[in-house]
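Thanks for making the time this morning.

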Amino acid sequence: MTLAYVGIGSNLEDPRAHILRAFDELARLPETTLTARSSLYRTAPVGHAAQPHFINAVAALDTRLSAQALLAELQGVEASHGRQRSFPNAPRTLDLDVLLYGAAQIDQPGLTVPHPRMHERAFVLAPLVELAPKLEIPGIGPASARLAQCAAQDVERIA
Ligand code: ADP
Ligand code: MG
């Protein structure tokens, strides 16, 4: 079994409902157990500002799927939420990213782990550190230290 962390984001069509449904769908993935769900976080959009705010969260999974198979399953869940890919950082009904896959460092076409931008995004680091305060990001260092460097980013934990 490998402990993997999945980043979850949505900013269209009742984002909170998409995130809560995504947790349930992650719990039903093959060869996988959902072991933790973070709180939900409200986030200002990054990159393309003229769009609704995001809701973000992180899930912890124990899985026997390979990282590639896990990503394929996540893309299937995104598609079932009507995810359209239009332009980078566009609004989305559901975005599921493989943040970490155990201690693996993967650099393949279509799959980079740790997720290449996770260590500079408070909306990833805040829910991740909530679940795993002592987590080390392979090749980067303690997640909590990176979160401390993101203090200027607008992320609010919601009930
Ligand atoms: P983003 O999440 O960066 O806003 P997308 O969700 O549209 O963008 O993903 C773009 C591509 O990123 C996908 O086709 C996928 O193959 C690739 N990708 C590379 N590494 C990862 C990862 N760790 N998790 C999710 N997608 C990844
Ligand atoms: Mg993505």
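**The ligand shell and some backbone details**

By class, the shell around ligand 1 is made up of 6 charged, 4 polar and 4 nonpolar residues, and please keep in mind throughout that this is a predicted model. Of the 14 residues around ligand 1, those that come nearest are Arg85, Asp95, Val98, Gly110 and Thr112. If you look for the elements behind this shell, helix H2 (67-80), strand S5 (95-101) and strand S7 (111-113) each supply at least two of its residues, and ligand 1 sits in the largest pocket.

Which atoms of the protein lie 2.7 Å or 2.8 Å from ligand 1? A backbone N or O atom of glycine 110 is 2.7 Å from an oxygen atom of the ligand, while a polar backbone atom of valine 98 is 2.8 Å from a nitrogen atom of ligand 1. Arginine 117 takes part through its side chain, where a polar atom lies 3.1 Å from an oxygen atom of ligand 1. On its own, ligand 1 has 560 Å² of accessible area, and the protein covers 74% of that.

Now to the backbone. Most peptide bonds are trans, and most residues other than glycine have a negative phi. Valine 113 and proline 114, however, are joined by a cis peptide bond with omega at about -5 degrees, and proline 114 has its place in the loop between S7 and helix H3 (122-131). Aspartate 14, in the loop between strand S1 (2-10) and helix H1 (15-27), has a positive phi near 60 degrees. Glutamate 31, found in the loop between H1 and strand S2 (32-37), likewise has a positive phi, of about 55 degrees.

Note on methods
Residues numbered from 1 in each chain as written. Chains lettered and ligands numbered in written order. Predicted model: local features only at pLDDT ≥ 70, side-chain atom pairs only at ≥ 80, totals over all residues. Heavy atoms only, no water. Near = heavy atom within 4 Å. Polar contact = N/O pair within 3.5 Å; in protein donor to acceptor, adjacent residues only side chain to side chain. Areas by Shrake-Rupley, 256 points an atom, 1.4 Å probe, with all protein chains shown as cover. 1 Å grid on protein atoms, 1.4 Å probe; cavity = no way out; pocket = protein on both sides within 12 Å on 5 of 7 lines; lining within 4 Å. Sits in = over half its atoms within 2 Å of the grid points. Helix = DSSP H or I, 4+ residues; strand = E, 2+ residues; numbered from the N terminus. Nonpolar A, V, L, I, M, F, W, Y, C, P; charged D, E, K, R; others polar.
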